[in-house]
Each structure stands twice: as structure tokens, then as C-alpha cells.
Amino acid sequence: MILKPPPTLTVSAWADNYRKLSSESSAEPGTWRTSRAEYQRGIMDALADDAIREVWVMKSAQVGWTEILNNVIAYHVHQDPAPMLLVQPTLEMAEAWSKDRFAPMVRDTQALTERIADPKSRDSGNTLLHKKFAGGHLTVAGANSPAGLASRPIRVVMFDEVDRYPSSAGTEGDPISLGRKRTATFWNRKILAGSTPTIKGASRIEAGFETGDQRYYFVPCPHCDEYQRLVWSQVKWPDGQPDLAEYVCVACGSILTEADKPAMLSAGEWRASRPTQGIASFHISELYSPWSTWAEMAVAFVQAKRFPETLQTWINTSLGETFEERGETVEATGLATRREPFNAQSIPQAVLMLTAGVDVQDDRLEVSVVGFGRDEELFVIEHAVLRGDPGGLHLWNDLDQFLNRTRQTDDGRNLLIEATAVDSGGHFTQQVYQYAAKRKARRIWAIKGAGGFGRLIFPKRAGRAGKTSAQVFIIGVDTAKDVLYGRLKKVATPGMGYVHFSATLDEQYFDQLTAETLIYRMVQGRRVRSYRPKSSGSRTEALDCLVYAYAAYIGRNGPMILPHRTLEPPTQEEKPQEPERPRMRRPVMSRPGGWVNGWR
């Protein structure tokens with residue numbers, strides 16, 4: 001038996017010797033240079049340390065993470081063949097990586113071209129998601145596909161963007177646990193995981209980072225030679241001029257410029273915060289990136305901080321840090337004191353368009369009319385309770401009259417409601433479908449709310465609604481609540497993102513608007529968050545109506561509204577009709593009128 005000697009090159013040394021960057025995936029095609037972003041060396045070479053079995057990287061965007069993954073895979077193909085598994089968040093992303101990243105790398109890096117056969121050849125044995133080479137193979141899987149995470153034993157497992165994984169791969173359980181089990185038979189197994197983080201306490205990559213030795217990259221000041229972590233609080237700029245941002249040394253107060261960054265990165269070093277114990281963990285942010293400037297980050301920050309949801313994205317993707325929710329609920333009393341003297345016939349001039357949200361109850365319909373101005377400044381104009389039987393015609397007549405009513409602004413403009421979302425998830429689903437089917441031209445849409453974070457507030461496409469000609473839109477209610485509650489808690493000054501309330505709203509409205517709280521719970525070993533009523537029996541109609549009205553605004557392409565636009569009334573009055581009997585033939589589906597997520 002002939003034993004192959006262990007490889008003598010580290011991952012970074014191999015990349016410097018053999019790796020070629022492809023024009024399809026790199027702004028700097030050609031020979032790879034680890035020195036371009038020196039912090040990458042420590043991450044890649046940790047995998048060559050026999051004392052380390054797992055590497056976790058909590059990161060921002062713009063730090064070269066995907067190329068680190070590519071180098072690790074290429075190194076094992078050429079130097080240390082092994083069965084490998086790469087897990088992407090979805091199967092579609094796995095296929096995209098294989099076509100857009102792996103295939104060009106194999107084509108342009110001769111050391112790989114010689115070892116991996118062209119998948120188009122008959123005897124290659126290679127497919128889009130499974131690559132064979134001498135001594136090993138690479139499987140590419142989606143975290144949402146349990147089939148890709150089962151059966152084969154694996155020595156090297158790589159998890160990409162773990163905070164975007166589903167909580168379970170089908171019904172099989174946590175994708176990371178499934179992937180880790182595949183390595184159990186190998187004494188020299190390696191696990192590499194990386195991601196931009198999400199919410200503090202609910203982030204997979206944060207949890208992984210905290211299990212390791214928590215390494216940070218320290219760089220020297222070119223003026224005083226003091227080694228320090230780069231932190232956002234030390235980025236400074238003249239008032240109102242973020243494009244002039246520079247870094248201030250925490251030790252000597254000297255101004256550091258972009259011209260200083262290459263030398264600082266080159267002389268930097270990783271420092272652990274605690275003993276390793278077999279798990280190395282790294283944190284790296286865009287502050288270190290050679291492909292991004294501090295001024296560009298400052299400009300992006302100024303734009304992002306306008307809204308809580310965009311600020312969270314910036315913190316996650318630019319700083320590589322989790323976003324911490326401060327305060328899990330909103331208090332009704334404080335919001336009620338913000339009521340202002342406007343109503344449906346005296347709407348503030350800042351309002352450019354109106355939408356409505358309708359909640360269907362057993363004995364009534366509740367409707368909120370909401371106005372929107374520039375930069376999503378929001379005005380709750382009125383909230384009405386229309387009592388009656390939703391199973392009959394009379395109540396839907398009342399709703400039609402309410403929605404068709406003309407509202408007037410202080411500067412004399414007449415506004416009509418441009419889009420309405422009607423909840424169809426209750427006991428009167430068929431009646432909602434039939435009502436909406438006849439009013440698509442007026443953008444009256446049947447919707448159903450779906451929980452779960454990360455869903456689109458308003459989908460790009462509708463589904464079929466039973467045997468009617470209506471369309472049903474599945475809206476992301478938790479995503480919308482995140483946006484609205486975030487603004488109610490954090491946007492305290494009228495203007496961008498602020499929520500105004502009409503003096504016509506009573507105390508009960510504010511109790512219902514704030515009736516839910518954000519809670520955390522454990523699901524299959526993972527901490528997840530969800531909205532729940534503060535107490536049993538809490539009524540949430542006002543919150544639901546506001547969510548639906550906001551979804552209608554997104555569906556109407558609200559962010560593209562033009563100043564002082566009004567909607568002309570329908571050319572002919574549409575009268576509600578008695579529900580039709582189901583037909584044997586499937587009705588023709590049509591799209592709603594007007595612009596909806598790019599439709600016309």
C-alpha cells in the first residue's frame with residue numbers, strides 16, 4: 001500500500017501559486033494575490049491547522065468570502081483530495097454557484113482543469129451539483145433540500161450564508177447538524193461556515209462565532225504603531241459630508257486615509273480573545289475591505305439610518321454585526337399622544353396617495369385608510385367599523401361606498417384610494433374572492449397573511465383563488481410588522497418614515513395597534529422570533545388593517561409615487577352582485593390593473 005504524503009502548501013500558499021480569478025466573477029481577473037486582502041490568509045490557513053476542526057466566520061459583505069470558499073475547495077481538489085460538501089441556502093443558489101463561480105474557476109485554473117473533467121463529455125461522471133476528481137468528489141446542496149444532505153460520508157463540509165438557512169431541511173432537522181453528521185467517520189474532518197449575521201440571539205453565525213476563540217484582525221496605526229481593531233465609531237466626517245469620511249486612530253488621534261489602508265492590512269494580525277479548543281472563529285467587517293472605502297461606507301450609513309429596517313441591513317452587511325432589537329413592544333399611550341388635527345376631508349398636503357386595508361370579522365368589516373408621502377411618511381387618516389354579515393351582499397355594498405368616497409387634502413386636491421388589500425384568511429374567503437374578482441381594475445386585491453421573517457411584504461405574483469377569477473396575494477405580515485413597529489419605536493421626528501395619527505382615532509385603536517409583542521422561542525434547537533398577542537383575547541384589527549394598507553402601498557409601487565398625483569374615478573360604477581355559482585370551466589386569470597411590482 002502506497003501512502004500519499006500530506007500536502008506541504010497551505011490554502012493561501014496554494015492560491016498564490018495556482019489560482020486564477022475569472023472575469024465573470026472578479027473585478028480583478030488574473031493571478032490571485034492573498035496580500036491584496038491579507039486578513040484572508042489567517043482564515044484560509046486555519047483549515048491547515050491539525051488542532052482546528054471547525055472554522056466560523058462572521059463577516060460583512062465585500063471581504064472576499066466567496067473566493068475564500070473557492071480557494072478551499074480548489075486546494076482540496078489539487079493538493080488534498082477528499083469528499084467535500086458545500087451547502088448553499090437554497091438549491092437554486094447551489095446551482096448558480098456551480099455555474100457562475102465553480103465552472104469559470106475550473107476553466108481558468110489549470111491545476112483544476114487537469115483534474116476535473118468537462119461535464120459535457122460522456123464519461124466525465126460530473127453533473128451540475130456533483131463533481132468527481134481523483135481521490136474525492138464535491139457535492140453542492142441546498143439547505144432546503146434534505147436529499148443533498150444525506151447518504152455520503154464527507155470529510156470537508158462548507159456552509160455558506162448560514163443565517164439564510166431554513167430552520168429545517170424539509171422534515172429532517174437543522175441543515176448544519178445534518179451536514180456535521182456526515183463527517184463523523186473522519187478523524188481529520190474539517191467544517192467551515194460563514195455568513196453575514198442577522199438578529200442578535202437568533203443568528204446561527206453569531207452562535208458559531210461565540211463557540212470559537214473569537215479572533216479579530218488588528219492593524220497598526222502608521223503614525224504611532226499602536227495595533228487596534230477597526231471599529232465604526234472611529235470613522236469621522238464633517239457635518240453633512242460623509243463622502244469626506246476618514247478613520248481616526250483610537251490611540252493617538254491621527255487621521256488615517258485610504259492610502260494608509262494597504263500597509264495597515266499587510267502588517268495586520270489575527271488575535272484570539274479566548275482559548276481555541278478546536279474551533280477557530282473570525283470576525284471581519286467592510287472597514288478592512290480593499291474594495292470599499294470608509295467614505296463609501298459613511299455615505300451608505302447616512303442613507304440607511306433613515307429607516308430601522310435599512311439600518312439593520314447596513315449593520316449586518318457592512319459591519320458584519322448582529323442587529324439588537326431594543327424594546328420588544330410599542331406602548332399605546334405614547335402613540336395616542338401623537339394624534340394630530342386632520343381627518344378624511346382635511347388631509348395634510350404631504351399626502352400623495354391613499355391605500356386601504358380591510359380586516360374581515362364574523363360580524364363586521366374593519367377598514368383603515370392610510371396616506372403616504374415622500375420617503376414613506378405615513379398618515380393614518382381614518383379607521384372605520386362597518387357592521388353586518390359578511391356572508392350577505394349589504395355589507396359589501398357598504399364597503400364599496402366607503403372605498404369609493406373622495407377624500408380631500410388641505411390644498412384642495414381630491415384623492416381616491418388607489419389600492420386596497422382585503423384579508424381572505426377568515427371564514428368568508430369565497431365572498432372576499434368574489435368581491436375582489438370584480439374589482440381588479442380598481443386594485444382591490446384578495447390577500448392572505450403568511451408569518452415568517454424574510455418573506456416579501458407584497459409578492460411578485462399572485463396565486464389562484466379557488467374557482468373564482470380572483471387572484472390571491474400571499475403577503476409577509478411579519479416582515480411588514482417589523483417595518484411598522486420599527487418605525488413606531490425609532491422614528492420620532494416628523495418626516496421620513498414617521499407615522500402620523502388622525503385625531504379621529506380613539507383609544508381602542510391604539511390598544512389594538514400595539515396588541516402584539518415580539519417574542520423569541522426555541523424551534524428545533526434554534527432561537528427564532530415571532531409576533532404574538534400580549535395577552536389572550538387581545539384584539540389586533542387595527543394592526544392588521546395597517547399591515548394590509550402598507551402591503552397595498554408596496555403592491556401599488558408606492559415608492560415610485562409622483563408628487564401631487566390624484567387618481568381619476570372609475571369610468572363606470574361597479575355594483576356588487578350576488579355570489580356566482582362555480583362554473584365547470586376554469587376562468588381566465590388576469591393581472592390587476594395599474595403598476596404592481598413592475599406589471600402593467
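Gln277 is exposed, with a relative accessible area of 65%. Exposed here means over 50% relative accessible area, buried means under 20%, and partly exposed lies in between (1.4 Å probe, protein chains only). Gln277 sits in the loop between strand S14 (269–272) and strand S15 (279–284). Its phi is near 55°, a positive value in a residue other than glycine. Most residues other than glycine have a negative phi.

The model is a predicted one: local features need pLDDT of at least 70, side-chain atom pairs count only at pLDDT 80 or more, and totals for chains, interfaces and linings use all residues. Residues are numbered from 1 along each chain as its sequence is written, and side-chain values use heavy atoms, with hydrogens and water left out.

Gln214 also has a positive phi, about 55°, although it is not a glycine. Its place is the loop between helix H7 (204–211) and strand S9 (215–220). Gln214 is buried, at a relative accessible area of 16%.

Now take the whole chain. The protein chain has 16 helices and 28 strands. These are DSSP runs, numbered from the N terminus: helices are H or I with at least four residues, strands are E with at least two. Of the 600 residues, 54% count as buried. Contact means heavy atoms within 4.5 Å. Among contacts between residues at least 6 apart in sequence, 72% join residues at least 24 apart.

Helices come next. Two packed helices are described by the angle between their axes and the distance between the axes. Helix H1 (residues 11–18) and helix H3 (residues 65–78) pack at an angle of about 85°, and their axes are 9 Å apart. That makes H1 roughly perpendicular to H3. Axes are lines fitted to C-alpha atoms, for helices over the stretch in contact, and angles run from 0 to 180 degrees between N-to-C directions. Angles of 65 to 115 degrees count as roughly perpendicular, under 35 as roughly parallel, over 145 as roughly antiparallel and the rest as oblique. From H1, Val11, Trp14, Ala15 and Tyr18 take part; they meet Asn71, Val72, Ala74, Tyr75 and His78 in H3.

Helix H9 (residues 294–304) has Trp294, Ala295, Met297, Ala298, Phe301 and Ala304 buried.

Ser195 belongs to strand S8 (residues 190–195). At 0% relative accessibility, Ser195 counts as buried. Its side chain joins that of Glu161 in a polar contact of 3.2 Å. A polar contact is a pair of N or O atoms within 3.5 Å; within protein, one must be able to donate a hydrogen and the other to accept it, and residues adjacent in sequence count only if both atoms are side-chain atoms. The Ser195 side chain also reaches the backbone nitrogen of Val162, at 3.4 Å. Leaving aside residues up to four places away in sequence, Ser195 touches Val57, Met58, Lys59, Glu161, Val162, Asp163 and Ile205.

Two loop residues follow. Asp49 is found between helix H2 (39–45) and strand S3 (54–59). At 34% relative accessibility, Asp49 counts as partly exposed. A polar atom of the Asp49 side chain lies 2.9 Å from the backbone nitrogen of Ala51. Lys534 is in the loop between strand S28 (526–533) and helix H16 (541–555). Lys534 counts as partly exposed too, at 39% relative accessibility. The C-alpha atoms of Lys534 and Glu516 are separated by 5.2 Å, although the two are 18 residues apart along the chain.

The structure holds 25 aromatic pairs. In one, Phe458 and Phe473 have ring centres 4.8 Å apart and planes at 25°, so the pair is stacked. Rings of Phe, Tyr and Trp (its six-membered ring) pair if their centres lie within 6.5 Å; planes under 30 degrees apart count as stacked, over 60 as edge-to-face and the rest as tilted. Both Phe458 and Phe473 are buried. Tyr39, Tyr217, Trp270, Phe282 and Tyr288 form one aromatic cluster. The charged end of Arg271 sits over the ring of Phe218, 4.8 Å from its centre. Such a charge is NZ of Lys or CZ of Arg, within 6 Å of the ring centre and within 35 degrees of the ring normal. Arg487 lies over the face of Phe307, 4.2 Å from the ring centre.
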